[in-house]
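Reader: Got the model open. Can you walk me through it, starting with one residue's surroundings?

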Amino acid sequence: MGRSYFVDEAVEEYLSGLQAAPGSCVTGLLAGQSSPQRDFVVLAVQTPHMESEGQPKASKGVSPLDDIDVEWVTEHAKQVSRMLPGGLCILGLFLVTPPELSKDAQNALKRLIFAMDKYIIKGRLWELSEEDVTDRVTLHICFKTKKLVCKTFDVKDPKSSAKPADWKYQTGISSSWPMLACSVEVDLQIPVTGSSSDNTDKCMKDGLRRWAKPIEAAYCLINGRQALDDSELISGQVKTLHCQHGSLSQISALVQVCSGSMRVRGVVHCRAYIHNNKPKARHAAQAIKRDIINTVCSRVEMFLEDLLINEGSQKGLCSGQQALPRRVFAPMPISGLSVCDYMFPDESTADVAERLKEMLDCETPEEDIDTSLESNQLFSTVSGSKITDSHDDDSSKHVISEIQAENPKIQKAPQYYAGNVFSLIANATELSIAW
């Protein structure tokens, strides 16, 4: 028996409104929450049209399916993944075709689903648990007959074949899902060796991975008592979870030569949702901890991407202090949940609304975008290895990246980074679950 997918009726309305032009097809993402027993689909969004410079790309083959840009589909999946709060993820893909392409649709979907998952997991810092489902759903829709074909692929097995799955529409699937929210104080310093962009990227990932491990291993207290993993979260109660990492006594120090370092510090807002089908304490803890890791990692990635775009002629990190993008939230168009985006200091809510339109295919009024959960960033000047900040007294309220990098014009001895690997963990955090 295949997996069951319970789909919000608003998703049905969205999918039924999609039309493929003659001789073409439409691809898109399916997002929601997965559980061992069943999956919940709360969002569907078509792949945006890619803006191309100059002449349109020539056709790659005789079928429109051959012209699907795999890289663009996977990049869209990565961007949407960043916009999803904890507990939500990309569950799969849909493909809308005319009847004559139905026969080859499954092969195209298999090619896309494996490419998408491979691209997304490259940036994932947390480990899969035994309960995590590795099946991804594919949905083929014939826009003329409206026939649906739902199948799954096990992405951990490249040789897996398609398995049939049930696709069931329901009303208000996520309307009563409990929301978890917390603010986490982060003080993370990552040593950087070398000056190339590739080496910097590797150093960032290694440093973030070390920082993420103790968060994954943290245990949670509910109302001051350790929660049993299988204890249920009872509807109608307001619970406070206190995350605390384990003893540091068994963790050795890390000492390494480095040419500079990047420091990320401040307070980030985290949010997660869990389904209301008898959720367990471990599900709540896992969802919020993964969101903590994801949001910090996403900001560092976006910061480095922004450097490559705006300072592409410059190798490595240059000394100075810049603000990381802050997290803002907006209502999800069809499910009653919320999505997030990241706003750089020189951006406005109009820029966020434009990205939501492009990435999620939805119109979001600027007044509905909540920018109040994370304060505006502060700026200061960094000279060499010395960091000066005229707003030190209030720095814990902001997310700042402090970058110390080697000046190639100045000859100096190598720097050394020494410290407890897991001392990079955020301070103890209170997580409030609102029902």
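This is a predicted model: local features need pLDDT of at least 70, side-chain atom pairs count only at pLDDT 80 or more; totals for chains, interfaces and linings use all residues.

Reader: Which strand does serine 4 lie in?

Author: Serine 4 lies in strand β1, residues 4-8.

Reader: Is serine 4 buried or exposed?

Author: Buried. The relative accessible area of serine 4 is 11%, and the cut-off for buried is under 20%.

Reader: Next, threonine 27. What does threonine 27 touch?

Author: Not counting residues up to four places away in sequence, threonine 27 touches Gln46, Thr47, Ile68, Val73, Phe94, Leu95 and Leu112. Threonine 27 lies in strand β2, residues 26-34.

Reader: And its accessibility: what does threonine 27 count as?

Author: Threonine 27 counts as buried, because its relative accessibility is 10%.

Reader: How far apart are threonine 27 and proline 48 in space?

Author: They are 8.9 Å apart, C-alpha to C-alpha. In sequence, threonine 27 and proline 48 are 21 residues apart.

Reader: Zoom out. How many helices and strands are there in the protein chain?

Author: The protein chain has six helices and 22 strands. It has 435 residues, and 49% of them count as buried.

Reader: What about contacts between residues at least 6 apart in sequence?

Author: In the protein chain, 76% of those contacts join residues at least 24 apart.

Reader: Helix packing, then. At what angle do the axes of α2 and α6 cross?

Author: Roughly 125°. The axes of α2 (residues 70-83) and α6 (residues 349-360) come within 10 Å. That angle makes α2 oblique to α6.

Reader: Is the crossing of α2 and α6 left-handed or right-handed?

Author: The crossing of α2 and α6 is left-handed.

Reader: Which residues meet there?

Author: From α2, His76, Gln79, Val80 and Met83. From α6, Arg355, Leu356, Met359 and Leu360. By class, the contact of α2 with α6 has five nonpolar, two polar and one charged residues.

Reader: Backbone check. Which residues other than glycine have a positive phi?

Author: Lysine 146 is one of them, with a positive phi of about 65°. Aspartate 361 is another, with phi near 55°.

Reader: Where are lysine 146 and aspartate 361 found?

Author: Both are in loops. Lysine 146 lies in the loop between β5 (135-142) and β6 (148-154). Aspartate 361 is found in the loop between α6 and β18 (382-383).

Reader: How do lysine 146 and aspartate 361 count by accessibility?

Author: Lysine 146 counts as partly exposed, at 42% relative accessibility. Aspartate 361 is partly exposed too, with a relative accessible area of 26%.

Reader: Last topic, cysteines. How many disulfides does the structure hold?

Author: The structure holds zero disulfides.

Reader: Are cysteine 25 and cysteine 142 buried or exposed?

Author: Cysteine 25 is buried, with a relative accessible area of 18%. Cysteine 142 counts as buried at 5% relative accessibility.

Key. Residues are numbered from 1 along each chain as its sequence is written. Side-chain values use heavy atoms; hydrogens and water are left out. A disulfide is a pair of cysteine sulfur atoms within 2.5 Å. Buried means under 20% relative accessible area, exposed over 50%, partly exposed in between (1.4 Å probe, protein chains only). Axes are lines fitted to C-alpha atoms, for helices over the stretch in contact, and angles run from 0 to 180 degrees between N-to-C directions. Helices (H or I, at least four residues) and strands (E, at least two) are DSSP runs, numbered from the N terminus. Angles under 35 degrees count as roughly parallel, over 145 as roughly antiparallel, 65 to 115 as roughly perpendicular and the rest as oblique. A crossing is left-handed if the near helix is turned anticlockwise from the far one by less than a right angle, and right-handed if clockwise. Contact means heavy atoms within 4.5 Å. Ala, Val, Leu, Ile, Met, Phe, Trp, Tyr, Cys and Pro count as nonpolar, Asp, Glu, Lys and Arg as charged, and the others, Gly among them, as polar.
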